[in-house]
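Open the model in your viewer and keep the selection tool at hand. The stops below say what to select and what is there.

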There are 4 protein chains.
Amino acid sequence: MKNTAYISDMQNWMNEFSFSHQVTVRFSETDMFGHMNNTVPFVYFEESRIEFFKALGFMQDWTRASSSTIPVVADLQCDFLKQVYFGEKLEICVKANELGTSSVDLHYLGKRENGEPCFVGRGRMVQLNKHTGKGEAWSEEQRSLFLSPLSIKN
Amino acid sequence: MKNTAYISDMQNWMNEFSFSHQVTVRFSETDMFGHMNNTVPFVYFEESRIEFFKALGFMQDWTRASSSTIPVVADLQCDFLKQVYFGEKLEICVKANELGTSSVDLHYLGKRENGEPCFVGRGRMVQLNKHTGKGEAWSEEQRSLFLSPLSIKN
Amino acid sequence: MKNTAYISDMQNWMNEFSFSHQVTVRFSETDMFGHMNNTVPFVYFEESRIEFFKALGFMQDWTRASSSTIPVVADLQCDFLKQVYFGEKLEICVKANELGTSSVDLHYLGKRENGEPCFVGRGRMVQLNKHTGKGEAWSEEQRSLFLSPLSIKN
Amino acid sequence: MKNTAYISDMQNWMNEFSFSHQVTVRFSETDMFGHMNNTVPFVYFEESRIEFFKALGFMQDWTRASSSTIPVVADLQCDFLKQVYFGEKLEICVKANELGTSSVDLHYLGKRENGEPCFVGRGRMVQLNKHTGKGEAWSEEQRSLFLSPLSIKN
C-alpha cells in the first residue's frame with residue numbers, strides 16, 4: 001500500500017477501530033467506468049460518522065432545531081486503494097484520532113467483508129456555535145464520550 | 001413515441017414551452033450501464049423548476065428563512081424516451097400546465113441540442129403554509145406571474 | 001389520501017406486497033427545507049428494485065459484462081404522502097404488478113416503521129437486448145420467477 | 001485562513017490557475033443544515049477536472065469504449081473555508097500541480113463571483129491500463145498538453 005501521511009503502520013491503524021457501520025454499494029453510486037464513483041466514499045464517511053456520533057450519544061443534540069451548535073466539516077480526504085464495485089458490502093470504520101478544543105480529527109477505513117481495505121480517509125470536524133460562527137469548546141461530557149471504548153480502542 | 005397520459009399531441013406539447021434551462025450530464029450521473037442513471041432527470045427537473053420560479057420571480061421568497069410558505073412536491077413522474085450519455089448538453093424545458101388553488105401542475109421536457117426529446121415528465125407542486133402544514137392559496141400576484149408569457153406560451 | 005390512478009384501494013394495495021428492503025434516510029439526502037429531498041425516493045426505488053430482482057434471482061445475469069440484455073427503466077413516478085426526515089428507517093416494498101412481453105410494471109411503497117405510508121410509486125422496466133436495442137421477451141423461467149410468492153402475494 | 005500542507009502562499013497559489021469551470025449550487029446539493037453538503041465539492045472537482053481534461057484534449061480518448069487506458073483517482077482532499085449556500089455561482093479552478101510518470105497531482109480552488117475562496121483541494125489521478133491494472137506512462141503528447149498554458153500559468 002502506498003504511503004499516507006496519517007497512517008504510520010497500516011496494521012496497527014486498522015486494529016484501533018472499534019466502531020463500524022455497514023453500507024452496500026448502490027447501482028446509482030457506480031459510474032460508466034463500471035465501478036463505485038470516487039465521490040461516494042465521502043457520502044459513506046458522512047453516514048458512518050453520524051452513526052458513530054449517534055452511538056456516542058451526541059448527534060441527537062445537533063439535529064434539534066433549538067441546538068445552538070452544529071458540527072461542521074473543516075476538511076476531508078480519501079485515499080483509494082482498490083476499485084470497488086456495485087453490490088459490494090463494505091464496513092466503514094470510524095475512530096476519533098485526536099481531540100482539539102472544539103474539533104476532532106476522525107479517521108475512516110472502508111473494508112470488504114474479507115477484511116481487505118478498499119479506501120481510507122480522515123477529516124477534521126469542528127463544533128460551531130450557530131450564532132457566533134466560532135468554534136464552541138467540547139463540554140466535559142462530550143470529551144469523555146469521545147474517549148469511551150467505542151471511540152478509541154485502547 | 002409511446003403514449004403518455006399527459007401529452008395528447010407531442011409536437012403541440014413541445015411547442016408550448018417557452019422557458020428552458022441547460023444542463024450537461026456529469027460523469028458522476030452515469031452508472032455502470034454506461035448511460036445517465038434513471039434517478040438523474042428528477043435532479044434536472046428540480047434545478048430547472050427552481051430556475052423557472054426564479055425567472056417568474058418567486059423563488060426568492062420561498063428560500064427566505066422568514067417565509068411562511070414553502071413549495072412542496074406532491075408528485076413527480078418521468079418517461080424515458082432515449083438513452084442519454086455522459087457529457088450531453090440537454091435543454092430542460094418547464095411550463096405551468098394547470099394552476100390549482102394552491103398548487104400547480106408543471107410539465108417538463110428534456111431534449112438534445114438537435115431538438116430530439118430524451119425524456120418528458122410532469123409533477124404537481126403545492127405551496128404549503130409552514131405553520132399549518134396546509135396548502136396556501138396563490139396570491140393574485142403569483143397567479144398573474146404564472147400566466148406570464150414566460151410561463152405558458154400563448 | 002389523495003387519489004393515484006394506479007391504486008384503487010389503498011389498504012388492499014398495501015397488503016399485496018411481500019418483498020421489502022430497509023433504508024435509512026442519509027444526512028446528505030436531506031435539503032435546506034429540512035426534509036428528505038424529493039429526488040431521493042427514486043434512488044430508494046432503484047436500490048429496492050434491484051434487491052427484489054436479486055431475491056428473485058435474475059439481477060445476477062444483468063450485471064455480467066457478457067449479458068446480452070439489460071433492464072432499462074421506461075418510466076417512473078412517485079406520489080409524496082408525508083414529509084420524511086433525516087434518520088428515519090423506511091421499508092421500501094416492491095411488487096410486480098403486471099407482466100408484459102418484455103416489460104414489467106413494478107409498484108413501490110415507502111412506509112415508516114409504524115406502517116404509515118410516506119410515498120408510493122410505480123414504473124415500468126423493459127428487458128432490452130444490448131445489440132438490437134429492442135425489447136427482449138421474458139423467458140419462461142423469468143416469467144415464473146416473477147409469479148413466485150415473493151413477487152406477488154397470493 | 002488555516003494552513004493546508006499543499007498551499008505555501010495562498011495568493012500566489014490562487015494566481016497560478018488559468019482554467020476554470022462554473023457551477024451553481026443545486027437545491028438537492030444542500031442539506032438540513034441549510035448549506036451545501038460537504039460531499040458536493042468532490043462532485044464539482046470531478047466535473048471541473050473532466051472539463052479541464054477536455055480543454056487539454058484528452059478526455060475524448062478515455063471515454064471511448066475501445067480505449068486501453070482510464071484515468072483513476074488515487075486520492076482526493078478538500079479544505080472547507082467558507083459555508084456555501086443554495087444558488088451560489090462558483091468558479092471551480094483546476095491546475096496540474098505536478099506531473100509523475102503515469103500520474104498527475106491536480107489542485108482545485110472553489111471561489112465566489114467576488115473572488116473569495118470557499119474551498120480548496122487537491123488529488124492525484126493515475127492513468128491506468130485497463131488490461132494490466134497498472135499505471136500507464138503519459139505519452140510525450142500528453143506531457144506537452146499538461147504543460148500547455150491552459151494547464152499551468154507561465
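Is B:Arg49 buried or exposed? B:Arg49 is buried, with a relative accessible area of 3%; buried means under 20% relative accessible area, exposed over 50%, and partly exposed in between, with a 1.4 Å probe and protein chains only.

Before going on, note that this is a predicted model, in which local features need pLDDT of at least 70, side-chain atom pairs count only at pLDDT 80 or more, and totals for chains, interfaces and linings use all residues. Residues are numbered from 1 along each chain as its sequence is written, chains are lettered from A and ligands numbered from 1 in the order in which they are written, and side-chain values use heavy atoms, with hydrogens and water left out.

**Stop 1: salt bridges**

Side chains of opposite charge can pair when their charged atoms come close. A salt bridge here is a side-chain nitrogen of Lys or Arg within 4 Å of a carboxyl oxygen of Asp or Glu. Both residues lie in helix 2 (residues 40-56) of chain B, 3 residues apart, about one turn of the helix. Helices (H or I, at least four residues) and strands (E, at least two) are DSSP runs, numbered from the N terminus. B:Glu46 also counts as buried, at 3% relative accessibility.

Next select D:Lys95 and D:Glu16, whose salt bridge has its closest N and O atoms 2.7 Å apart. D:Lys95 is in strand 3 (residues 89-99) of chain D and D:Glu16 is in the loop between helix 1 (10-15) and strand 1 (19-24), so this pair ties together parts that are 79 residues apart in sequence. D:Lys95 is buried, with a relative accessible area of 2%, whereas D:Glu16 is partly exposed at 36%. For a network, select A:Lys82, A:Glu88, A:Arg112 and A:Glu116, which are joined by salt bridges that share partners.

A:Asp75 belongs to strand 3 (residues 75-80) and A:Arg122 to strand 6 (residues 117-129) of chain A, 47 residues apart. A:Asp75 and A:Arg122 are both buried. Over all chains, a search of the whole structure finds 39 salt bridges.

**Stop 2: aromatic rings**

A pair of aromatic rings is described by the distance of the centres and the angle of the planes. How many aromatic pairs does a search of the whole structure find over all chains? The search finds 50. Rings of Phe, Tyr and Trp (its six-membered ring) pair if their centres lie within 6.5 Å; planes under 30 degrees apart count as stacked, over 60 as edge-to-face and the rest as tilted.

Select C:Phe53 and C:Phe146: this pair is edge-to-face, 6.2 Å centre to centre, with 75 degrees between the planes. C:Phe53 lies in helix 2 (residues 40-56) and C:Phe146 in helix 4 (residues 140-146) of chain C, so the pair ties together parts 93 residues apart in sequence. C:Phe53 is buried at 2% relative accessible area, and C:Phe146 is buried at 1%.

Then move to D:Phe53 and D:Phe146, with ring centres 6.1 Å apart and planes at 75 degrees, so this pair is edge-to-face. D:Phe53 is in helix 2 (residues 40-56) and D:Phe146 in helix 4 (residues 140-146) of chain D. Both D:Phe53 and D:Phe146 are buried.

**Stop 3: where chain D meets chain A**

Show chain D and chain A together: 25 residues of chain D are in contact (heavy atoms within 4.5 Å) with 25 residues of chain A. Which strand of chain D gives the largest share of the side that touches chain A? Strand 2 of chain D does, with 10 residues. By class, that side of chain D has 13 nonpolar, 6 polar and 6 charged residues; Ala, Val, Leu, Ile, Met, Phe, Trp, Tyr, Cys and Pro count as nonpolar, Asp, Glu, Lys and Arg as charged, and the others, Gly among them, as polar. The count of salt bridges between chain D and chain A is 0.
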